[in-house]
There are 2 protein chains.
Amino acid sequence: MEQVLNRETLKGSIRSIEDFPKEGILFRDITTLLKEKRSFNYVIDLFTEQYKDKGISRVVAIESRGFILGGAIAHRLGAGFVPIRKPGKLPADVYSRNYQLEYGEDSLEIHKDALESGDTILLHDDLLATGGTTVAALDLIHRFGVQKVFISYLVELDFLNGKDKLKNYEIFSLIHF
Amino acid sequence: MEQVLNRETLKGSIRSIEDFPKEGILFRDITTLLKEKRSFNYVIDLFTEQYKDKGISRVVAIESRGFILGGAIAHRLGAGFVPIRKPGKLPADVYSRNYQLEYGEDSLEIHKDALESGDTILLHDDLLATGGTTVAALDLIHRFGVQKVFISYLVELDFLNGKDKLKNYEIFSLIHF
């Protein structure tokens, strides 16, 4: 008998790995969910259901795990796809935004011709942790004068309170830890 | 009037950028195709049409541009999704494979529980250049005893003759330069 699919069983299909990428971190590994056709398909159905009536014109996804579901969601919504990438990866003129990491800093880039002010955006990433990456991505998106931005994650780590940095946004996370 | 969509107009929607990532390279930038909903949607339809009757059970895609279309194609085919990543990114036990770059070398990894010997695989990447990355990815896939592997690319650079390294495989590239 095949396992029933719901958000609880989806959560159970995520593997937890201790001390990755460094000591003290419990890493939530989504590859065990993605590799099973039923759970992968079901996840995309749930995101599609959530956003199908929102008029999303472009899905913006963050390198690189965000690309996996971001591409599939964009396709199901009939939207265009726009990548936000690490420095030096995008070949044309970019907007760039630094952000703080626990130690040091990193930056994100988006092509200057990627969006239009009239777009309705779904920003997608696989994981909401502290929210620093998302804040940087939103800053890039708003440089285009975009008014409406929805935000989605496959996994949200509630105990890190990333949502506190994102109070003006409608956020949908499929799985919570 | 909206532009007619066919493989020729898709090719025209790819931007060419000189001297990126280094002097002498003419970089084919697919972001200009991906961001337009009609061309992005059409590309996924064409890949789906190509593979819908092949019994693909898992799509394996190569970090990170390969993830964008790979995720959407897997979804449309009702298949699972498996990432091949750069070293140190996958958290559980991995198979690893070095390969030569023009200068130096790099390596790719796949989780040891990612595939099963009975899988029918579609290996997807955005670009076929010299074929070195694909050969390394195929080596990883065959460690699972997989018998049937199809290969697809969005863009193939014909003048680099990457196909010469892949003679035993059925390859489908949507756009040729």
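Guide: What follows is a set of labels, each traced back to its value, and the model they describe is a predicted one.

Visitor: What relates chain A to chain B?

Guide: Chain A is superposed on chain B by a rotation of 180 degrees with 0.0 Å of shift along the axis, and the RMSD is 0.0 Å. The two copies are therefore related as by a two-fold rotation axis. Within chain A, the C-alpha nearest that axis belongs to A72(A), at 1.9 Å from it.

Visitor: Why is the pair of Y95(B) and F144(B) called edge-to-face?

Guide: Rings count as paired if their centres lie within 6.5 Å, and a pair is edge-to-face if the planes are over 60 degrees apart. The centres of Y95(B) and F144(B) are 5.3 Å apart and their planes stand at 85 degrees, so the pair is edge-to-face. This pair links distant parts of the chain, since Y95(B) belongs to strand β5 (residues 94–100) of chain B while F144(B) is in the loop between α5 (132–142) and β8 (148–156) of chain B, 49 residues apart.

Visitor: Which accessibility classes do Y95(B) and F144(B) fall into, and why?

Guide: Buried means under 20% relative accessible area and exposed means over 50%, with partly exposed in between. At 24%, Y95(B) is therefore partly exposed, whereas F144(B), at 11%, is buried.

Visitor: How many aromatic pairs are there over all chains?

Guide: A search of the whole structure finds 14 aromatic pairs over all chains. One of them is formed by F67(B) and F81(B), which is edge-to-face with 5.8 Å from centre to centre and 85 degrees between the planes. Because F67(B) lies in helix α4 of chain B and F81(B) in strand β4 (residues 80–84) of chain B, the pair ties together parts that are 14 residues apart in sequence. Both F67(B) and F81(B) are buried. In chain A, ring pairs link F47(A), Y51(A), F150(A) and F172(A) into a cluster.

Visitor: What makes you say that a charged end sits over the ring of F177(B)?

Guide: The label requires NZ of Lys or CZ of Arg to be within 6 Å of the ring centre and within 35 degrees of the ring normal. The charged end of R28(B) sits over the ring of F177(B) at 3.7 Å from its centre, and the charged end of K11(B) also sits over the ring of F177(B), at 4.9 Å from its centre.

Visitor: What is noted about the backbone of D19(A) and of N161(B)?

Guide: D19(A) has a phi near 60 degrees, a positive value in a residue other than glycine, and it is placed in the loop between β1 (15–18) and β2 (26–29) of chain A. N161(B), which is not a glycine either, has a positive phi of about 55 degrees and is found in the loop between β8 and β9 (170–176) of chain B. At 45% relative accessibility, N161(B) therefore counts as partly exposed.

Visitor: Which peptide bond in chain A is cis?

Guide: The bond from E63(A) to S64(A) is cis, with omega near -10 degrees, and S64(A) is in the loop between β3 (58–62) and α4 (65–77) of chain A. In chain B, the bond from E63(B) to S64(B) is cis with omega near -15 degrees.

Visitor: What lines the largest cavity?

Guide: The search of the whole structure finds four cavities of 30 Å³ or more, and about 90 Å³ of space lies in the largest cavity. Its lining has 14 residues, of which R85(A), L90(A), D29(B), T31(B) and R65(B) lie nearest the centre. By class, the lining holds seven nonpolar, one polar and six charged residues. Strand β2(B) gives the most to this lining, with three residues.

Visitor: Why is T31(B) called buried?

Guide: T31(B) has a relative accessible area of 11%, which is under the 20% limit, so T31(B) is buried. T31(B) lies in helix α2 of chain B, and its C-alpha is separated by 7.9 Å from that of R15(B), 16 residues apart along the chain.

Key:
Residues numbered from 1 in each chain as written. Chains lettered and ligands numbered in written order. Predicted model: local features only at pLDDT ≥ 70, side-chain atom pairs only at ≥ 80, totals over all residues. Heavy atoms only, no water. 1 Å grid on protein atoms, 1.4 Å probe; cavity = no way out; pocket = protein on both sides within 12 Å on 5 of 7 lines; lining within 4 Å. Points joined across faces, edges and corners; volume = space filled by probe spheres on them. Helix = DSSP H or I, 4+ residues; strand = E, 2+ residues; numbered from the N terminus. Nonpolar A, V, L, I, M, F, W, Y, C, P; charged D, E, K, R; others polar. Phe/Tyr/Trp six-rings, centres within 6.5 Å; stacked < 30°, edge-to-face > 60°. Buried < 20%, exposed > 50% of the residue type's maximum accessible area, 1.4 Å probe, protein only. Least-squares fit on C-alpha atoms with pLDDT ≥ 70 in both.
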